Amino acid sequence: MKTYMKVTTLGALFLSANAFAGGTCTDDNLNAWDAVNTGANPANNVSITGTNPLDGDCSLSVPLELGGKRYVQDDMDQENSFRMSFKFDPNSFPMPTEGADRRIKLASVLCVDGGNGCGSTPSGTPNFQGWWQTKLRLQPTGYKLGSWVQQDDASNTRISHTVDVLDGCNTIEIQLVAGNPGIYRMWVNNTNEGAPDFEVTDADFDLKFTDTVRVGKTAFGSEMIGDTPGAFMLVDDYESRRQTFIGDSCTP
């Protein structure tokens with residue numbers, strides 16, 4: 001797995017991938033994240049693994065059995081132009097293929113204390129609100145990612161879409177630009193910046209911004225098959241920037 005270091009280079013590069021040094025895979029590498037959610041059972045937490053990593057020597061192993069959320073968190077400060085890329089592998093996890101409440105929330109972009117757009121309470125108490133999120137589910141035809149991005153109109157309208165993903169390594173990249181019109185783009189296993197798999201260039205993101213990113217099992221449906229001992233998903237190569245396409249891809 002690659003963690004990140006914060007960089008400010010002419011405002012263009014916000015977060016940069018930083019490979020684990022020396023090929024040593026230890027949980028100490030989790031210290032690079034701003035937060036690590038252990039869920040209800042800290043003994044079954046996210047961990048660093050050197051077994052079949054998605055890239056380099058190590059990947060993040062995310063337990064999928066029931067017991068709470070399991071994710072790593074990256075905090076920043078009101079970024080209104082944001083790009084993010086990461087790799088994941090569902091690792092043949094046996095999810096149900098029909099019915100409700102059977103998805104895993106894989107990643108989310110959150111803002112807080114942003115007035116109308118980010119949902120501060122009337123008392124001013126901080127209130128995290130999703131700007132973007134994506135959920136993994138399994139259909140008879142294979143794994144899918146269902147994503148939505150929330151606008152800042154009177155009804156907080158969500159723009160939703162679904163893309164196919166592999167039962168193997170996948171690379172996800174998104175772009176979020178605040179404003180009205182705002183921009184949302186998503187690339188899945190796609191290194192062609194000019195041909196995103198989904199694109200909206202006239203969204204109402206007037207008061208949106210990025211404060212927090214979470215990657216892992218950030219939530220899960222109650223009907224998910226979650227008591228599979230040892231079941232886990234792999235995540236790797238998280239990177240984010242203010243500007244410029246990342247264009248990473250899984251190794252063939």
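**A first bond to find**

Which residue does a disulfide join to C169? The partner is C250, with an S to S distance of 2.0 Å. A disulfide here is a pair of cysteine sulfur atoms within 2.5 Å.

Before going further, a word on what you are looking at. This is a predicted model, where local features need pLDDT of at least 70, side-chain atom pairs count only at pLDDT 80 or more, and totals for chains, interfaces and linings use all residues. Residues are numbered from 1 along each chain as its sequence is written, and side-chain values use heavy atoms, with hydrogens and water left out.

**The two disulfides**

The structure holds two disulfides. In the pair C169 and C250, the torsion about the S-S bond is about -70°, so this disulfide is left-handed. C169 lies in the loop between β11 (158-164) and β12 (170-177), while C250 sits in the segment after β16 (232-241), so the pair ties together parts that are 81 residues apart in sequence. The strand names come from DSSP: helices (H or I, at least four residues) and strands (E, at least two) are DSSP runs, numbered from the N terminus. C169 and C250 are both buried. Buried means under 20% relative accessible area, exposed means over 50%, and partly exposed is in between (1.4 Å probe, protein chains only).

The other disulfide is formed by C25 and C58, whose sulfur atoms are 2.0 Å apart. Its S-S torsion is about -90°, so the disulfide of C25 and C58 is left-handed. C25 lies in the loop between β2 (13-19) and β3 (35-37), and C58 in the loop between β4 (47-49) and β5 (59-63), so this pair ties together parts that are 33 residues apart in sequence. How accessible are the two ends? C25 counts as partly exposed because its relative accessibility is 26%, whereas C58 counts as buried because its value is 1%.

**A sheet of seven strands**

Now follow the strands. An open sheet of seven strands has the order β4-β5-β16-β7-β12-β13-β14, with antiparallel pairing. The edges are β4 and β14 (198-205), each with a single partner strand, so one side of each is left without a neighbour in the sheet. On average, neighbouring strands of this sheet are turned by 30° against each other, direction ignored. For such angles, axes are lines fitted to C-alpha atoms (for helices over the stretch in contact), and angles run from 0 to 180 degrees between N-to-C directions.

Two strands pair if DSSP finds at least two bridges between them. Three bridges link the antiparallel strands β4 and β5, and T49 stands opposite S59 in β5. Next along, β5 and β16 run antiparallel over four bridges, with L60 partnered by V235 in β16. Then β7 (residues 81-89) is joined to β16 by six bridges, again antiparallel, and the bridge partner of K87 in β16 is D236. Strand β16 is mostly covered, with nine of its 10 residues buried.

**S61, a residue in β5**

S61 is found in strand β5. At 10% relative accessibility, S61 counts as buried. F232 is 171 residues away from S61 along the chain, but their C-alpha atoms are separated by 6.2 Å. Leaving out residues up to four places away in sequence, S61 touches N45, V46, S47, T49, F232, M233 and L234. Contact means heavy atoms within 4.5 Å.

Strand β6 (residues 70-79) is antiparallel to β3, with three bridges between them. In this pairing, N37 stands opposite Y71 in β6. Seven of the 10 residues of β6 are buried, so the strand is largely enclosed by the rest of the structure.

T212 belongs to strand β15 (residues 210-220) and counts as buried at 3% relative accessibility. Its side chain makes a polar contact with the side chain of D75 at 3.0 Å. A polar contact is a pair of N or O atoms within 3.5 Å; within protein, one must be able to donate a hydrogen and the other to accept it, and residues adjacent in sequence count only if both atoms are side-chain atoms.

**The nonpolar core**

Which members of the largest nonpolar core touch the most other members? Of its 46 residues, they are M84, F86, F88, V109, W132, L145 and Y238. A nonpolar core is a set of buried Ala, Val, Leu, Ile, Met, Phe, Trp, Tyr and Cys residues joined through side-chain atoms within 4.5 Å. Not counting residues up to four places away in sequence, M84 touches V109, W132, I172, E173, I174, V213, Y238, E239, S240 and I246.
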